[in-house]
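I open the notebook and load the model.

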Amino acid sequence: MPKILVVGGGYAGFYTAWKLEKHLRQGEAEVVMVDPLPYMTYQPFLPEVAAGSIEPRHAVVSHRRHLKKTRVVTAKVTKVDHAAKTATITPSEGEPWEETYDQIVMTAGAVSRTFPIPGVADEAIGLKTIEEAAAIRDKILVNFHKAANLPAGPERDRLLTVVVVGGGFAGIEVFAELRSFVSDLLKSYPQLSFDDTHFHLVEAMGRIMPEVSLETSHWVLENLASRGATVHLETQLASAEGGVCQLKAKDESIQTIPSDLIIWTAGVMANPMVKGTDFPLEQRGRIRVQPDLRVVDDNGVVADAWACGDVAAVPDLTGGGVGGFCVPNAQHAVRQAKQLAKNLVAVIRGEATTDYKHENLGAVAGLGLGIGVFQSGKFAMKGFLAWGAHRGYHGLAMPSWERKWRVIGDWVGGFFLGRDIASLDDRETPRAAFEAFASRPKPAVEAPAPAAAAAPAPEEGKPADAAGPAYATPAEDVSKEAEPVKAEASAEAK
Ligand SMILES: Cc1cc2nc3c(=O)[nH]c(=O)nc-3n(C[C@H](O)[C@H](O)[C@H](O)COP(=O)(O)OP(=O)(O)OC[C@H]3O[C@@H](n4cnc5c(N)ncnc54)[C@H](O)[C@@H]3O)c2cc1C
């Protein structure tokens, strides 16, 4: 039975495996999918997760629950030697191993692309993973608790200042959703007022959201301004050292904004893991494919290799796209994956493949509760209706009814009960509460040899330490370093 190895289980990988399960006949091929994460992340929901409208776990789709016929491997692919049809799989525990295959599908996606701006790598957080979205939500909640105990001043301002870098779709969505979240939160914090909260978005270009018309983007700017959120156009982040953002405008003026939450959404790049493969890459580091999603090099098709999603440069046959290639988005990733699965099955059966071609459906964005924009060609919707379209589209696009119901349940719950504003930030240190009161072994007593010799022999049937338990009370808490000493001492006693 031929083995199909799918590298990555995000949008493109998950859908490829899911559709292969559907199209393949019993015993026709074995599918193995490898991803370091045990779930696919529905990234368009990350802004709503950060804003507390969707529970983090509900915005991901468990691989093992939904891929019943696929062998799911939770580990990283660290190298592909396609000439030898071997991939190196590296788990988080245990030794790496080599997995051979007959067909490979590369769908390792994209990662946040940053520039070497001082402080960004240490201070900022991205928005590509569910963990980042959940951490942003918790950071805002924890900062509100802290700020509520502080007098007005620079430290309180820093805690209540959000800076987003990048005015693309993801940046504007998270910026607007967080503004809505924070405005809601103020109802529960009488110590804080609207004017205490500060929102800044930095965009190097002269406009935001290139996916919508200029007119629609102006509407978004005005809407954000009316909600107390400032967008700095033609401005670059010059430094974020120590959490102090230095914004450099086109006229070279510098504005300094200290912030405890700097979110970086200024672009993505193909997953650099592809550099550990022998596949042909184009200048932006993506795998070269032809329209039927088979990998190509200068000599033509690379046999038995496929790629799609953000990691691949897929020609856009509609004439749209950037540089003639499909833009990296979920709309393409899902449809490419479905076409890829069909084409792969066709090749296994010796049939012809079909080229991928998808006319852009438009773009829809949620900008906080009750506010959204939708653009398809020249047609635009703004405000409540567009927000309804955003929820309707994404609610239905979430894979599987099991997941759709969870997300819709969050929305219905939020409508009747409001956002859940409990933060579980302490889960970062889950053992702290237990450790604070946990009994530890007493530190070893350095018993002088003669005294030990003079000690009475233990009564028969009783252990040598029966005189008292060898445990410290919490008050006598001792450090872990004491343990090796005790071990030595008891060894000596023996
Ligand atoms: C905040 C945000 C909002 C967005 N909103 C929209 C939207 O509204 N509409 C839209 O169309 N698009 C949207 N997108 C873009 C869309 O989510 C991506 O284009 C889409 O996820 C690409 O799918 P993919 O499968 O190529 O990559 P991903 O979905 O990123 O999947 C890549 C997978 O590869 C795995 N992987 C990484 N390294 C390895 C390795 N070494 N070995 C094995 N596996 C590996 C990853 O763990 C991941 O699961 C948004 C993106 C973001 C970040």
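**Entry 1: a surface residue**

I looked up F416 and found it exposed, at 65% relative accessibility. I call a residue buried under 20% relative accessible area, exposed over 50%, and partly exposed in between (1.4 Å probe, protein chains only). This is a predicted model, where local features need pLDDT of at least 70, side-chain atom pairs count only at pLDDT 80 or more, and totals for chains, interfaces and linings use all residues. Residues are numbered from 1 along each chain as its sequence is written, and side-chain values use heavy atoms, with hydrogens and water left out.

F416 sits in helix 11, residues 401–417. Helices are DSSP runs (H or I, at least four residues), numbered from the N terminus. With V412, F415 and L417, F416 makes a nonpolar surface patch of about 540 Å² accessible area together. Such a patch takes residues with over 30% relative accessible area and no salt bridge, with nonpolar side chains (Val, Leu, Ile, Met, Phe, Trp, Tyr) joined within 5 Å. Accessible areas come from the Shrake-Rupley method with a 1.4 Å probe.

**Entry 2: a buried residue**

Next I picked N343, in helix 9 (residues 330–348). N343 is buried, with a relative accessible area of 2%. I listed its contacts (heavy atoms within 4.5 Å). Leaving out residues up to four places away in sequence, N343 touches D292, W306, T353 and T354.

**Entry 3: two domains**

I read the domain assignment, which is automatic or from a database. Domain 1 is 3–36 + 75–111 + 269–348, and domain 2 is 120–266 + 363–428. Eight residues from domain 1 and five residues from domain 2 take part in the contact. The centres of the two domains, taken over C-alpha atoms, are 32 Å apart. About 380 Å² is buried between them, and carbon and sulfur atoms give 56% of that. Buried area is the accessible area (1.4 Å probe) that two parts lose on being put together, summed over both.

How many salt bridges cross the interface of domain 1 and domain 2? I found zero by the rule. The rule asks for a side-chain nitrogen of Lys or Arg within 4 Å of a carboxyl oxygen of Asp or Glu.

**Entry 4: charged pairs**

The count comes to 26 salt bridges by this rule. I checked R158 and E155, which meet at 3.0 Å, N to O. They are three residues apart in helix 6 (residues 154–159), so about one helical turn separates them. R158 is partly exposed at 25%, and E155 is partly exposed at 36%.

I then checked E28 and R25, whose closest N and O atoms are 3.7 Å apart. E28 is buried at 13%, whereas R25 is exposed at 53%.

Definitions and conventions
Patches are made of residues with over 30% relative accessible area and no salt bridge: like charges are joined within 9 Å, nonpolar side chains (Val, Leu, Ile, Met, Phe, Trp, Tyr) within 5 Å. Helices (H or I, at least four residues) and strands (E, at least two) are DSSP runs, numbered from the N terminus.
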